[in-house]
Every structure is written in C-alpha cells, then in structure tokens.
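Here's a quick tour of a protein model for someone just starting out. Have a look at the sequence and the 3D view first, then read on.

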There are 2 protein chains.
Amino acid sequence: MNAIPPNHPLDIAMRLTPTDDGRLKGTTSDEYWNMMGPFGGTTASLMLKAALDAPARIGDPVALTVNFCAPIAKGDFFIDLKETRTNRSTQHWSMELSQENGIAATATAVFAKRRETWAYQPAAMPAIPPHETLAPMNTEGRNAWLSRYDLRFAEGAMNFEARADDDPAPSRSLLWVADKPARPLDFVSLASLADTFIVRIFLVRGRMVPAGTVSLTTYFHTDAAGLAAQGDAPLVGMADTKTFRQGYFDQSAELWGGDGRLLATSVQTVYFKE
Amino acid sequence: MNAIPPNHPLDIAMRLTPTDDGRLKGTTSDEYWNMMGPFGGTTASLMLKAALDAPARIGDPVALTVNFCAPIAKGDFFIDLKETRTNRSTQHWSMELSQENGIAATATAVFAKRRETWAYQPAAMPAIPPHETLAPMNTEGRNAWLSRYDLRFAEGAMNFEARADDDPAPSRSLLWVADKPARPLDFVSLASLADTFIVRIFLVRGRMVPAGTVSLTTYFHTDAAGLAAQGDAPLVGMADTKTFRQGYFDQSAELWGGDGRLLATSVQTVYFKE
C-alpha cells in the first residue's frame, strides 16, 4: 500500500479550514477547473470530506447526493455542516456550500458502520482490453480537470471535433480511469472519480452543447479497507444514459476495482440546451 | 383524462396542513403502513409534495433524494421546508421530516421549467406480456401498503415462503404496476411508485431478512403534461441490484409508460442484516 503523496493536487483542492463561526472554508482549485466553475467531482468530494472529517462522524460513507444549485466562482467558499441524525450504526449529514451570492450547492450523506455479511454481486464487470494496451486521452488544451485524470477509452471516447452526421452516436463509454498523478483510492477520490464521465450529450450529439449536472448521487459499495485494497491501480469505468428529453438527461456510472469488485455506482441528472 | 377520484387513499396520506410556525403537519397513513413504519414511497411523495405545494415553487420536479434516518412512528409528523436556491429556470429545495424524537427523514429536490428540446431515448422498454394476461399479486395478509398497488409480475415475483435452496435467485423483477384504486399519474404518485419494488434481498435470498432503505433517489423524465398523458393506465416496472456487500445493497428501478416512454428512474441503497 502506497501512502498518499504529499501535496497531491486533489488533497490541495480538498483543504478545508474551520472558521470561528463553525463553518468550513475552502478555495476553488485551478488544477480541477472546468469550463465555468470547478469540476463537479471535486465539489462532491468536498461535501463528503466536510462530513468525513467531522469529529462526531461514525462509519464509512454509503450514499452521497450533491445538488449543483449555481455556478461556483473562483475563490473562497464556505461549507455549513449539519449532523441530522446519529443512530447506533448509521449517521446522516446535510451540507450547504455558499459564496457571496448565496447557496451554490447542497448535499446529504449517509454513513454506516459496515460489517461482513452474506455477499453477492449479480452484476459483472464489462470486458475491457488491458490498461497498457489503451492510449491515454490527450487532454492538452482541454479544461484543466481533464489533465488530473488518466482516461483510457475502450469504447465511447469523446471526439471534440464536431461530427457532420446528425444521427445520435452510442451513449455508452467504457474506460480505465485513475487519478493523475496516481493516488491511493479513498472515499474522497472515489467521489470525484464517479463524476469523471464526460456528459453523455457531448458524446451522443458529437459536439459540445451547453450542459451541466444539476444533481449527482453516488453509492459506495465497500468500506475504507476495501478501497485501500485497490491502492492506486486504475479503475474500470462505464457510463451510459437511458433518456434525453425536455432539457434533461440521466447518466449512470459504474466504477470497478481491477479485481472485478464493484466499488461505486452513481447517477446524475444533467441539464442540456438545444 | 380522468380526474383524481375524491378521497383516494394516496391523497388522504398526502394531506399536509401549514402550522402557525411555518411548518407542514401530516399524519401517517394506516392504508400505506409497512412492517415497522409507513411505506417509504409515501414518505418520498410527502417530501416532494411539501415543495410542490409551496407558493414559490417553479417548474416540475427533476430529481428527488430522500434519506430515511429513523423509523417514523404512527401519528403526526412535521415537515420543515427550505427554498435553498431559485434560478431563472431551476429551483432547489431541502426538506426535513421530524417527530418528537428528532429528524426521521431528510430530502432534497430539484425543480425545473422544462421545454421541448432534441430528444432521444437510448434505452428500450423491456418486453413484457400484456397486462390482462398476468394475475395481480395476492396481497392478503401482507403489509397494508401492498394492497394499495396492483402488481402483476412477469418475472421475479416475491415468494414469501422460504426456499430450501440457499443459492441466490435472480435479482431482477419485471411487472405491471398501478395505484389501487386507479389514480391518474402525477409526480406525487410517481414518487411513491418508484419505491414499490420489494427490496431485492428478499427475492434473492428467498426469504424475509431485516432490511430497510436508507436513501432513495428518483429522477423524473418528463413534465406534468407528459405524466398526465399516461392517465391511470398501469406502468411497466423493472428493478434490479448490482451488488450486495457488507450490510448494504443498491437497487435500481425503471418506470415506463405504456407507450414505451421512460417516465422515471430510481436508485436506492438498502441496509440488510445477516
């Protein structure tokens, strides 16, 4: 097991400092900047980290929902954290991320003390060519956050050059995905990784259109030890959409450990224009 | 289009009265009672209805997440509603449901003014035999809420008699589902319908085990007019699980209109013991 390298860009982006009035203060990361705000994955990770770091926290995250209410501007933000309910083995938290002009994101998280039980995985990891046989996506000149991930597409790679064809392209992507530089997997990085799947509308329409995630829910399928066992090895990721209609579409994703264990699943609903 | 019949049990369960201190007061429904508390679908619908009925509400629901923090006791409860952010075409709400001993459920909802756009549905409705060829599930002697739905299984029917066999059974169910008595579809009923899929652990293990939903997220894929077009005709429902591990499993569901349009998708994470 490798230790987390000092000053990994993700850990710098995740720095939260308690304020005198009981809030957490952070600063947006240029290294994870997206088109019009921070990469949503880091916002999700920050909301999770606020609860993870709370002294009263028990157990490991099971579910995280983040709602993106408004663009987050470059600079400082504050997270308000509320412990809504603590039971013997589960705990609930609510978070709000604010800047000067109001609440920019809300979130809820469920934590649980997990224990060994009967286990069964009906789903199987999609077949994918070995990591070393696929070329990493060229992220040069793209939004900064893309350079913070090693993305190796087996299927459904984004082509940023507009297609002449107007027929919808397949909505599914299958790829290897890892932090860049490499970083041992934990809940904070996994929450970001769950949002690394480029919004399906770009893929299907074959061009960039105005689009943005409005809500993202991630489920974690193992405890901290189960994630640590993955180390910094790349994950297998799959993303797809069921329907695009009336300005919104759903996008679901799976993140698999190299050993075929499903580590996280996520869904998001995404706004699109045109 | 049929009007909603007066005093449908769902609408009685959905009654919320504003209190002098700005909360909403409701009472649990015996007609939708589950094993140890109200059917989670009605709790989800109540959280949604609190925001839907708010005078400041704009648009139609796009995403709803409900976290089940503690059992809800028979009797009165209160919902606190907060408008977290209103933009030109989207709006965010947070809800908390409380009883005497604290917060029992939290929720967030995203609303949006939907408009006609490019549309495309990569997913197809699963093939299912016609509604009239399948027998309704016998709900006699079962938890009350089951009698509030007409459930006609084509695949993955629950068998409440313990199986001798210890091999896991298939985790997928495919069925026709409708309110009983029939009721024209709206967002309130759809939010409940998204939780009518019996928890997969019962199906897979072939017996009842202690289990309960801790978080439920539902995405709505059309506007109010799109739902109204469905009327009171039964929906096609599909539910499945990807992994059961360390005391929790995910469960995803699809709800299709009779015309093959995907009306809602949902995911939930469910606690199980043993």
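**Salt bridges, symmetry and a strand pair**

Searching the whole structure turns up 24 salt bridges over all chains. A salt bridge here is a side-chain nitrogen of Lys or Arg within 4 Å of a carboxyl oxygen of Asp or Glu. Keep in mind that this is a predicted model, where local features need pLDDT of at least 70, side-chain atom pairs count only at pLDDT 80 or more, and totals for chains, interfaces and linings use all residues. Residues are numbered from 1 along each chain as its sequence is written, chains are lettered from A and ligands numbered from 1 in the order in which they are written, and side-chain values use heavy atoms, with hydrogens and water left out.

**A salt bridge between chains**

- Glu96(A) pairs up with Lys82(B) in a salt bridge, and their closest N and O atoms are 2.7 Å apart.
- This pair crosses between chains: Glu96(A) belongs to strand β5 (residues 90–99) of chain A, and Lys82(B) to strand β4 (residues 76–86) of chain B. Strands are DSSP runs (E, at least two residues), numbered from the N terminus.
- Glu96(A) is buried, at 17% relative accessible area, while Lys82(B) is partly exposed at 37%. Buried means under 20% relative accessible area, exposed over 50%, and partly exposed in between (1.4 Å probe, protein chains only).

**Salt bridges within a chain**

- In chain A, the side chains of Arg183(A) and Asp186(A) form a salt bridge, at 3.0 Å from N to O.
- Over in chain B, Lys49(B) has a salt bridge to Asp53(B), with the closest N and O atoms 2.6 Å apart; Asp53(B) is partly exposed at 47%.

**How the two chains relate**

- Turn chain A by 180° with a shift of 0.0 Å along the axis, and it lies on chain B with an RMSD of 0.0 Å.

**A pair of strands in chain A**

- Strand β7 (residues 149–155) of chain A is mostly covered, with 5 of its 7 residues buried.
- β7(A) runs antiparallel to strand β8 (residues 173–179) of chain A, and 6 bridges join them. Strands count as paired if DSSP finds at least two bridges between them.
- Across this pair, Phe153(A) stands opposite Leu175(A) in β8(A).

Terms used. Helices (H or I, at least four residues) and strands (E, at least two) are DSSP runs, numbered from the N terminus. Copies are superposed by least squares on the C-alpha atoms of residues with pLDDT of at least 70 in both.
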